[in-house]
Amino acid sequence: MISFLNDYNEVSHPKILEDLQKYQNEKFCGYSKDELVNEAISIIKDNLQNQDVEIHFVHGGTIANVIGLMMSVNRHESVISVNTGHIVNTENASIEAVGHQIVLVNENNGKMTVNEIEKALKSHSHEYNSKPKVVYISNATELGTVYTRSELEELHNYCSEYNLYLFMDGARIANAIMSKYSDLEFSDLPKYLDAFTIGGTKNGFMFGEALVFVNDSLKDIYARMVIKQRGALLAKGFLFGIQFKSMFENGLFFKIAKNAVDMAQKLVSVFEKYNIPIIYRAEANLIFVELTKELHEELSEKFIYQYDDVDGKRGICRFVTTWNTNESEIVELDRVLEGLCQITIGHK
């Protein structure tokens, strides 16, 4: 079986395994107080071209979002997110569980807009409403689209004017930046965001996300205490240091993400070849297509992907490419589809 199910289904990039072995016989102090973590943080700051950000490492994307948003809101405050946001549907009410409402607004191609933020503020202006404080976005979005520099700048300017924090979930930030549809540079992130995460889990790490605070009001407060309280202060924090150092010191983090987005475009070409409807423009490494139930049942015998039934006759499918997807897998999908489409929908 060839898997296009997700982008965290491999152990790790070989460079990480190699570096883990290199440090096998060394000993480090715990809880991210070691020299490897310090070096990794320094390298990330150099890549961001910003020495003033505050960086913490945690094991996964959900806890990174929880802690980042917890640090950004008071008890009476809430988080604005589009209705397709990752924190809305796929994190098991983790934000609500720590006591904060998510104010839902309509997505625009998966993205947040100033117009929707304005609506959220107006609809939550009464004394008995929660007070929106953070605008949550993700890049790439849950629909596989990416933000441009001008879009981020517009959100940033509006949030600054209305005393809101702009928080980016960067679980797929490397893919977003390497997209041909993006003009963002990694160094742009601290310019337009108050806080953001850098996702490793979905880009070749064994595990690990970086939580980055940019706004001075979010720094040097009690982040490590909250991380510990939430069970996310890893005793073997040096494992974060090894992985982030491996990926960022020579630009590997972005090089391998380019493979994911390049393979996604090849996958798009295959679907277009057989007139399979593509639901959203594939800008990063997520491709959404519509398949008939009949075609899906045949295709799923050889390929793994997400299928959500629409009406019993057709479904929306999500295909995900990774740093390790290779062209032979795309060629095989092409070969299988050629045969199936001739049989099931009379292609050619």
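Which residues in helix 11 meet which residues in helix 12? Before selecting them, note that this is a predicted model, where local features need pLDDT of at least 70, side-chain atom pairs count only at pLDDT 80 or more, and totals for chains, interfaces and linings use all residues. Residues are numbered from 1 along each chain as its sequence is written, and side-chain values use heavy atoms, leaving out hydrogens and water.

**Stop one: two helices.** Select S246, M247 and F248 in helix 11, then L252, F253, F254 and I256 in helix 12; these groups meet (contact: heavy atoms within 4.5 Å). Of the residues in this contact, six are nonpolar, one is polar and none is charged (nonpolar: Ala, Val, Leu, Ile, Met, Phe, Trp, Tyr, Cys and Pro; charged: Asp, Glu, Lys and Arg; polar: the others, Gly among them).

**Stop two: the core.** Now display F57, M112, I117, I137, I198 and F248, which have the most contacts inside the largest nonpolar core, a set of 63 residues. Such a core joins buried Ala, Val, Leu, Ile, Met, Phe, Trp, Tyr and Cys residues through side-chain atoms within 4.5 Å. Next, colour helix 2 (residues 35–48), which gives the most to this core, with seven residues (helices are DSSP runs of H or I, at least four residues, numbered from the N terminus).

Centre on I137: leaving aside neighbours within four places in sequence, its contacts include M112, Y147, L152 and D169.

**Stop three: cysteines.** The structure holds zero disulfides (pairs of cysteine sulfur atoms within 2.5 Å).

Methods: Buried < 20%, exposed > 50% of the residue type's maximum accessible area, 1.4 Å probe, protein only.
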